[in-house]
Amino acid sequence: MKNLILSTFFMIFLVSCQTENINPKEEFGFQQPSNFPPPVYDLSENPITVEGFELGKKLFYTGLLSRDGTVSCGSCHQQTSSFTQHGHSLSHGIDDQLTMRNSQPIQNLAWSKSFFWDGGVFHLDLFAPVPIEADNEMGETLPNVLQKLRETEGAKSPKTDYPLLFEKAFGTKEITTANFLKALSQFQLMCISSNSRYDKHIRNESTDENKLTAQELKGLELFNQKCATCHTTELFTDYSFRNNGLPIGNPNDEGRFLITQLEEDKFKFKVPSLRNVEVTRPYMHDGRFRNLEAVLDHYADGIVDSETLDPILKKNLKIELNEDEKKNIIAFLKTLTDEEFLNNPLLSEF
């Protein structure tokens, strides 16, 4: 099915390049994977088109969104790491400043009702202004970004003439905040990861070469027993905010409390999806754990009690896991790696 989707998109894209009379608002591409629930993003308010997607992709990878042109969205969200900043505990922003948290993956955002570790943004279209205007991320202002894009009109290459690209995508050269944000959303909405070995197992698409091993199946069974309450399949998150018993690191980062100002939300963070978790290390909101073994060690023997500790963990202050069980769960988690997504040329910068 994925190949069919990609082939369809590619053919439409080719036609769009070759035909002058193409409808610039022709829809393409977005399809709900058969093992996913319906998306929560209202696609009728921002229909994805070839031109809108391509514009969003250019915006995602251009340094024009940052103060000095050195930082793009792709700087902290790299495709091969499921659009995270591989290896960095905390993301690096403009002037190599550290941000407060570990960058989260950009994948399957059409199914997310909130964004960032604290859920401070409730709609994907409102996501981009936060990193653009943060002093330690892109250090720019949204009006300046739009003005820089307008000033590219008449550029030698039509590929860098943004008013022309906006006209192709939205029918007008006027670069507005709404169309700028919608274009970015269109690219991000197409970052769909749904072709891992696990997905093919669930959809009965496995072959002899990629079917799950006995150890991975044991890991899946254990995962469903011990982890799936919070990391609910098929998206491997329930999108809730929970205190999972981490010792307090940065005392100024109180998680969800910073948004709601409710005492019961102190040190709660969004439950992350575990899709592609093999390549998104380090882990947790502050990147404190360098590998999956350390994560499971925390749940087996490292949970710290507090007033806001999640009720599921509060009773025993641990998840019972022996060493063999940890190995089996990790083996299963690696079946969530989606190589087609991580290497999809449609999503890459070059």
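Trainee: Which residues are linked with Arg101 in a network of salt bridges?

Mentor: Good place to begin! A salt bridge here is a side-chain nitrogen of Lys or Arg within 4 Å of a carboxyl oxygen of Asp or Glu. Arg101 and Asp118 meet in one, at 2.9 Å from N to O. The network links Arg101 with Asp118 and Asp253.

Trainee: What kind of model is this, and how are residues numbered?

Mentor: It is a predicted model, where local features need pLDDT of at least 70 and side-chain atom pairs count only at pLDDT 80 or more, while totals for chains, interfaces and linings use all residues. Side-chain values use heavy atoms, leaving out hydrogens and water, and residues are numbered from 1 along each chain as its sequence is written.

Trainee: Is Glu216 buried or partly exposed?

Mentor: Buried means under 20% relative accessible area, exposed over 50%, and partly exposed in between (1.4 Å probe, protein chains only). Its salt-bridge partner Arg197, with closest N and O atoms 2.8 Å apart, counts as partly exposed at 25% relative accessibility. Glu216 has 11% relative accessibility, so Glu216 counts as buried.

Trainee: Which helix holds Lys200, the partner of Glu340?

Mentor: Helices are DSSP runs (H or I, at least four residues; strands are E, at least two), numbered from the N terminus. The closest N and O atoms of Glu340 and Lys200 are 2.9 Å apart in their salt bridge. The pair is 140 residues apart, with Glu340 in helix H14 (residues 339-342) and Lys200 in helix H8.
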